[in-house]
Amino acid sequence: MSHDDVLNPKEMPHEPEKATHEGQNKFLGFWFFLGGETVLFASLFGTYLALNESNAQDPTRSEMFGLELVFIMTMLLLTSSLTSVYAMYHMKNNDFKKMQTWLAITVFLGLGFLGFEIYEFTHYIHEYEFTFQSSAMGSAFYTLVGFHGGHVLFGLLWITSLMLRNAKRGLNLYNAPKFYVASLYWHFIDVVWVFIFTVVYLMGKVG
């Protein structure tokens with residue numbers, strides 16, 4: 001089967017993302033990649049926890065952080081994780097159009113999250129003069145949260161490029177693993193945000 005051969009529903013394996021050796025290798029390699037990403041984020045969390053009281057002249061975390069906006073951001077990202085699950089469900093059922101639709105919704109929700117995050121950073125900078133250089137806590141905060149935001153942007157570009165590149169090709173055993181791995185990456189981003197929401201915002205508000 002060539003890369004551009006569209007799968008007939010009757011020929012669709014139960015797990016198309018793992019039906020070929022290439023797909024299995026992508027899946028295995030991705031877990032190694034996530035292992036490195038986990039260590040990297042753990043280092044950033046450790047740095048933030050060590051420096052979150054070193055705020056110099058900056059306001060305290062409880063004074064700055066507003067949970068209403070962060071809650072909306074969290075709901076957007078968690079909902080986008082659910083829509084990516086629906087997309088993979090339709091992939092396994094060889095419904096390419098519905099998979100693309102749910103992925104498009106995932107991208108839309110992710111863009112909403114990024115928009116709110118940019119607004120949040122802008123608010124902190126103009127309202128409190130809380131910048132990357134204003135204190136050690138500022139450096140740790142913007143590095144951790146901004147690094148996650150960069151991962152969200154990368155995930156959006158990844159999913160969007162897959163959708164556009166395969167729009168006319170349909171689903172096959174060559175691109176199914178790519179869609180699946182991108183979905184896993186998106187779930188990883190969501191899990192990291194749950195930790196950020198807890199460690200940075202909730203602990204900062206009540207700590």
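Predicted model: local features only at pLDDT ≥ 70, side-chain atom pairs only at ≥ 80, totals over all residues.
## The largest nonpolar core

The largest nonpolar core holds 54 residues, and those that touch the most other members are Phe141, Phe179, Trp193, Ile196 and Tyr201. At least two residues of this core come from each of α1 (21-51), α3 (67-92), α4 (96-128), α5 (136-165) and α6 (176-206), with α6 giving the most, namely 17 residues.

When neighbours within four places in sequence are left aside, Ile196 is in contact with Phe45, Leu144, Val145, His148 and Tyr201.

## Aromatic pairs

Across the whole structure, a search finds 25 aromatic pairs. One of them joins Phe30 and Trp31 in an edge-to-face arrangement, with 6.3 Å from centre to centre and 65° between the planes. Phe30 is buried, at a relative accessible area of 4%, whereas Trp31 counts as partly exposed at 45%.

The rings of Phe45 and Phe195 have centres 6.5 Å apart and planes at 70°, so this pair is also edge-to-face. Because Phe45 lies in helix α1 and Phe195 in helix α6, the pair ties together parts that are 150 residues apart in sequence. Phe45 is buried, with a relative accessible area of 13%.

## Confidence in the model

The average pLDDT of the chain is 89, and 90% of the residues score at least 70. Over residues 1-10, however, the pLDDT is below 50, although this stretch has 19 contacts in the model beyond near neighbours in sequence.

Notes. Residues numbered from 1 in each chain as written. Heavy atoms only, no water. Core = buried A, V, L, I, M, F, W, Y, C linked by side-chain atoms within 4.5 Å. Buried < 20%, exposed > 50% of the residue type's maximum accessible area, 1.4 Å probe, protein only. Helix = DSSP H or I, 4+ residues; strand = E, 2+ residues; numbered from the N terminus. Contact = heavy atoms within 4.5 Å. pLDDT = per-residue confidence, 0-100. Phe/Tyr/Trp six-rings, centres within 6.5 Å; stacked < 30°, edge-to-face > 60°.
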